[in-house]
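Subject: Structure handover

Hello,

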Amino acid sequence: MEVFVAIMVGALVTASVYLMLARNVLRFLFGLVLLSNAANLVIFAAGGLTPEAPPLIAPGANAPPEGVANALPQALVLTAIVIGFGLFAFALTLVYRGYQNLGTLDTDEMRLAEPVEAEKT
Amino acid sequence: MKSSLIVRAATRLLVGLLLLFSIWMLLRGHNEPGGGFIGGLIGSTGFILYAIAHGCRAAREALRLEPQTIAMVGLGVALAAGAFAAIPGDALFTGQWLFLWPSEGSKGVPLSNILVFDIGVYLVVLGSVLTLVLALEEEV
Amino acid sequence: MGQSESSGKPLGGSAGIISILVPGGLFVWFLQFLPAVAAGETILFRYDWVPALGVSIGMLIDGLSLSFALLITGIGTLVTLYSSSYLGGHVHYSRFVCYLLSFMLGMLGLVLSDNLLALFVFWEVTTIASYLLIGFSADESKSRRNALQALLVTGTGGLAFLAGIILLGAATGTFELSEIEGSLAEHPLYLPIFILVVLGAFTKSAQVPFHFWLPNAMAAPTPVSAYLHSATMVKGGVYLLARLNPSLGGTDLWFWTLTLFGGVTAVFASILAIKQIDIKQVLAYTTLMALGTLVMFIGLGTSDAIKAAMVFLLVHSFYKASLFLMIGVVDHGTGTRDATVLRGLTRAMPFTALAAALAALSMAGIPPLFGFIGKEFFYKASLSAEIGMFWVTACAFLASALMFAAAGIVAWRPFTGRLAETPVTPHEGPWAMLIGPLLLAALGLGLGLFPDYAEVLVRPATAAVYGAAVEVDLYLFKEVNSALILSLVTFALGWLIYMGHGTLRDRLRRSPDRFDPGWDRLMDGVLAGCKWQANLIQTGQLRRYIFVTFLTLAVALVWTIWRAGLVPTMELGDDLRVKHWAVLIAITAGAAIVAFTNSRMTAVAALGVVGVGVALIFITFGAPDVAITQLLVEVLVVVLVAVAMLKLPQMNVEHVKAVRVWDLLLALTIGVSTTVVLLTVMDTPFDLRLTEFFEQASAPVAFGRNIVNVILVDFRALDTFGEIAVVAIAALGAYALLRGTRRPNP
């Protein structure tokens, strides 16, 4: 089980890195989404994979039954997902604004801060 | 943005249900799956649906408050809930509990700053997501 | 300089009065230690500053540091008094006072610090204050350039010095000067320590080939030149060498390095002094000569040589500060410093002429002035040297003869002969500007006639530098010996040079200065190098930067995996069911489609598949809260992307036709490494103490049965608060980006 999840995470990371190296910022954004998914999975899987046993305590009981899933990485991942969304939304508006102001999605053509002329002088 | 009559009529009902559902998820969150994050996300999908059907202006009117105001109020509520723990002299963000009307077999109705904190989380998530989505939709 | 005729308020107002009282008070305070130090005592105060790093502010008062402290505060008082008149009306006078006082405190700290690290801090304080003072006329580009030059040269040396100190501390186990005992000559770190410390000292004290900054530093106002660049700061390097002589001295390396560089500096600078037309520049180069001589004699290292160096330290401080201040008065009174123009000023400026005459006689080494004693002791020390006798004597002799001529150029010629035309009708300076030069010049005469008074300082100072008590007996004349004969020859040669200095100067001026333009070329080269590497590394292409970032990550990952020899166990297990397979394949396929599709809508749909697949994984492994959150966020992501797509263009197809092989290779490396690392992590038994605490405490203590939520809102509520704050800030940021910025071309 673990082996396959790990291989899948590797595939996600590969796809996201490949996307983030692209010239088109939209691809970069897609890579960002995949990367945050992969990161969440890494944290989640690193805490151990326990099938079908959510960390809930039965009414009246004082502790969960033996062998429930690890609650700590779940709590970390939960906030990470929301923050990842915030990051993605900000990046998206940035891309959107960038396209409106610069008229391109190609990072090679986004040379406002480091203009090409600067290299010649 | 024009939508069909069916969508518009259906969303009125659906949005109400989604909001109720989000509050239910928020309140049950301490014992069952749910909580402020999930509740806030569900609530915001309700309003986004409303905005898609009736337009952003209508959604803003339905909200009454600016979404960024909601987010900031939520942040303030969460902070106040955490700071409340300092009154009895505990460390910040320590849970404080009060059980009303306890009886046999039941501890009574729980009141806590934890719930207030979760409400703060709910408001922040709702406000932030709506700030983003509404602003982007209006831009387009 | 922007000096004004009338200073408005007497003594430059409150700033001026403070600036005079501080060094004056300190001077008196230091005087109280004189009897104890003269009796051979060493006084040590200590205050722990950064105990963890072993940095304490200790004050070490022995003969050497007290001599310096008295010079700094004494000359400081006269210089500040002088500047209250010289610069009193200047708009930035308060600023000047502030710089000058911070310099003075830095210099005091430098000579009094017992801790080498504290000493270094003060060393840098003097460097920075000197930078500010040289660049005081910040509206002149020459002034700024020279200030920067001085800062860079001495600052670079300072860095070398710091490295040297740290090695010294490592070699001896202490940073306290008072605790360093014995010689380090046999230590394996001796060579690096020596090179680094000497670099620091040579740049600070402007030895050849680092000498060029000092004459340029004369862009500073005259009192600064008198104070920093003759009497105090530039002697910081000399102080350092003297202070470390007991631990680093006594080796052949020390001897030859110091005597060679010092000797070359002394002679070379004296020749350049004759070449100058500006009398302030003449003095600047004679300062170099003095520093070179001091270094040479510290290098010589015999008790006679150290004694001579300590005497000359006092001699030089008196006459040089006096002459610099005198030049300020002349400049002030005539409007020029041109040696070829100034003549016959004695009648118009009698007191200035008196100060100049006394100081110049001391500089030329003519009896009965203190300078004569200094020169006699030089000759005595160099003639009695066992090795290098010829070299040291020759250098001292040549430099002294040239010094005699320079004294004539600076202080004889301008005051004698017929009064020449000057830009301003010559007039005497105000009393505040005359006290300093007169007093200092008179000291040269007084100590020459009564050298016993100088012994109280010279004796303990020599002992501190030499590392053992030395018999010091200063006298004007005892017998006719070889040193005295050499002195007479010096006068003769000096006289000849003075008589012929006009022709000599013209001939010298034909050869260009190579060091200063060389510095400019070096700076140009450094700039060009920076530009070259900036263009090489900063291509301005985002994907290059990202590529390098990921490449670094890949190298770090692979290197770690290789070093740790990570080979994860690959137990496949048999608990995989069809639904698991379906989810895993869906996610992998979705990721592959996003990576290679050219259609935006396909990409968004595939992203959705991946997101839902991840949510399914969460629900499969017992994380309902996370799964719900993931699903909802996925919905929002798709909504946002869909909204944004309406206004964004199609993805450009031509760029993505070919598979980017290198990018793919890099991505694969990182992906595979992630898999290996993740498998290794999952193989490692984890520490479940925290989880167990949460499980046990959740219901009884926090009254919640959903452990994940209890962790979020109770156990780790502060974290959660930070996280929702981040979300709110991200939303506000995006909102501001959309609403707050207007498009330039709608």
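Below are the conventions, then the findings by topic.

This is a predicted model, in which local features need pLDDT of at least 70, side-chain atom pairs count only at pLDDT 80 or more, and totals for chains, interfaces and linings use all residues. Residues are numbered from 1 along each chain as its sequence is written, while chains are lettered from A and ligands numbered from 1 in the order in which they are written.

Chain A

Of its 121 residues, 56% are buried. Buried means 20 or more other C-beta atoms within 10 Å of a residue's own; exposed means 12 or fewer, partly exposed is in between, and C-beta atoms are placed from the backbone. Take the contacts in chain A between residues at least 6 apart in sequence: 51% join residues at least 24 apart. A contact needs C-beta atoms, placed from the backbone, within 7 Å.

Chain B against chain C

Here 41 residues of chain B are in contact with 38 residues of chain C. On the chain B side, helix 2 (36-54), helix 4 (67-84) and helix 5 (113-139) each give two or more residues. Helix 5 of chain B gives the most, with 15 residues. By class, this side of chain B has 26 nonpolar, 11 polar and four charged residues. Nonpolar covers Ala, Val, Leu, Ile, Met, Phe, Trp, Tyr, Cys and Pro; charged covers Asp, Glu, Lys and Arg; the others, Gly among them, are polar.

Cores

The largest nonpolar core holds 192 residues. Such a core is a set of buried Ala, Val, Leu, Ile, Met, Phe, Trp, Tyr and Cys residues joined through C-beta atoms within 7 Å. C:L133, C:L323 and C:A359 touch the most other members. Helix 13 (residues 303-334) of chain C gives the most to this core, with 20 residues. Leaving aside neighbours within four places in sequence, C:L323 is in contact with C:L283, C:A356, C:A359, C:A360, C:M363, C:V410 and C:A411. Another core, of 137 residues, lies apart from it; A:L105, C:A627, C:V677 and C:A717 are among its members.

A helix pair in chain C

Helix 15 (residues 370-383) and helix 17 (residues 431-449) of chain C have axes that come within 6 Å and cross at roughly 60°. C:F370, C:G371, C:F372 and C:I373 in helix 15 meet C:G444, C:L447 and C:G448 in helix 17. That contact has four nonpolar, three polar and no charged residues.

Best wishes

Definitions and conventions:
Axes fitted to C-alpha atoms, helices over the stretch in contact; angles between N-to-C directions. Helix = DSSP H or I, 4+ residues; strand = E, 2+ residues; numbered from the N terminus. Contact = placed C-beta atoms within 7 Å.
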